[in-house]
Amino acid sequence: MKPLAPRALVVEDEPSWQQILSEVLGDSGLQVDTADSLPAALERLHAGVYRLALVDLSLQADDPHNEDGLRVLEAIRRSNPQCAFILLTGFATVELAVLVLNEYHALSCLRKEAFQRSQLRDLVRQVLAAPPESHGAEARPASTRTRAFDTGESSDGAGLVLVVEDDAGWRSIYQELLRDAGFSMRLCAGYGEALGMLRHERFTLAVVDLSLNPAVGWDGSLPSAELEGYRLLRATRELGVPTLVVSGVSSPDEIERAYREGEIFSYMEKQAFDRRTFTRLVKDAVQAGHAASHLGQLTVRELEVLRRVAQGKTNKEMALELTISENTVKRHVKAIFRKLGIHTRAAAAAKLAGMGEEEPRK
């Protein structure tokens, strides 16, 4: 006897979206049931066992604030813990996505305005290829490990950011925030893909998750030596790319290792993710990277002059200490201003004090 096809549930109040989602799931070999309201979804869940559920956040067309979809997710966790679920919404916010991924343990959070059939097909294939897992309150969902490459639609000169994250939901969060901040980006899901991008393009910033290994638990339980993120941190350090780590790994030892080995700019824990903090850190890291790059252009003598400028010394005092003429000091100061893109001594002092020093050019 031919085994029955796995079942999927579509919880969506708009008939057009029901049809689209059902077609994708049906083409993927799933037997599809639908529900257009919270009571109908609860009835379906009570009567059957599902491998995958697609749930719309709002199930009342006349109420944009309706969040019945979250109640459906809670019901799935209670009655069908081995069912993977994806939230689909036209009212997506970063806070909602973080809530759904971290607290409800959804597989992903998809925005209707950016919906792509191919993305959903990839998610479905991963669900069907993996053994059923518990998606209860204490479990971490199976990570979404699709290959993702994004050329970025926003390019106003802010820079190019490399995002290395194996979870599609988190990639969507970073994509939204970085685009809003004016950055272009490359999105990838694994070490090999990220390393290739680093070798072929010049990035102003990297955002890296430490846990890029399928065996890594939500708490980062895999031995740290096996976390591929550390290998990427060494690569970004060697290439001089400022790096921000955003990871579910929260062990103090692992965090200290990231700062020590990767010389990262900052570390954010996913459990306490805040979009304003993320955006601020991104901008600060890029600014610091630009300043450090400029500082590295200075010669040994120019750096000696810059240190004395920061100390408030006059051209005459610097000439005496360095045993050079005042005209030579003036030439060095002019060159420093040009290379650092500044116009005042106060700005030069701030640049040195705020960004640290690189090894000067010989």
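## Basis of the description

Residues are numbered from 1 along each chain as its sequence is written, and side-chain values use heavy atoms, with hydrogens and water left out. Because the model is predicted, local features need pLDDT of at least 70 and side-chain atom pairs count only at pLDDT 80 or more, while totals for chains, interfaces and linings use all residues.

## Salt bridges between separate elements

The whole structure contains 17 salt bridges (a side-chain nitrogen of Lys or Arg within 4 Å of a carboxyl oxygen of Asp or Glu). One of them joins E14 and K112, with an N to O distance of 3.8 Å. E14 lies in the loop between strand 1 (7-11) and helix 1 (15-27), and K112 in the loop between strand 5 (108-111) and helix 5 (117-129), so the bridge ties together parts that are 98 residues apart in sequence. Helices (H or I, at least four residues) and strands (E, at least two) are DSSP runs, numbered from the N terminus. E14 is partly exposed at 35% relative accessibility, whereas K112 is buried at 14%; buried means under 20% relative accessible area, exposed over 50%, and partly exposed in between (1.4 Å probe, protein chains only). E14 and K112 also belong to a network of salt bridges that links them with E12 and D56.

A salt bridge of 3.2 Å, N to O, connects R234 and E261. This pair links distant parts of the chain, 27 residues apart: R234 is in helix 8 (residues 228-238) and E261 in helix 9 (residues 252-262). R234 is partly exposed, with a relative accessible area of 29%, and E261 is partly exposed at 21%.

R301 and E304 form a salt bridge of 3.1 Å, N to O. Both residues lie in helix 11 (residues 300-310), where a spacing of three residues separates them by about one helical turn. R301 is partly exposed at 31% relative accessibility, as is E304 at 23%.

## Packing of helices 2 and 3

The axes of helix 2 (residues 38-47) and helix 3 (residues 68-79) come within 10 Å and cross at roughly 10 degrees. Axes are lines fitted to C-alpha atoms, for helices over the stretch in contact, and angles run from 0 to 180 degrees between N-to-C directions. The two helices are therefore roughly parallel (angles under 35 degrees).

In the contact (heavy atoms within 4.5 Å), L38, A41, L42 and L45 of helix 2 meet D68, R71, V72, A75, I76 and S79 of helix 3.

Terms used
Parallel < 35°, antiparallel > 145°, perpendicular 65-115°, else oblique.
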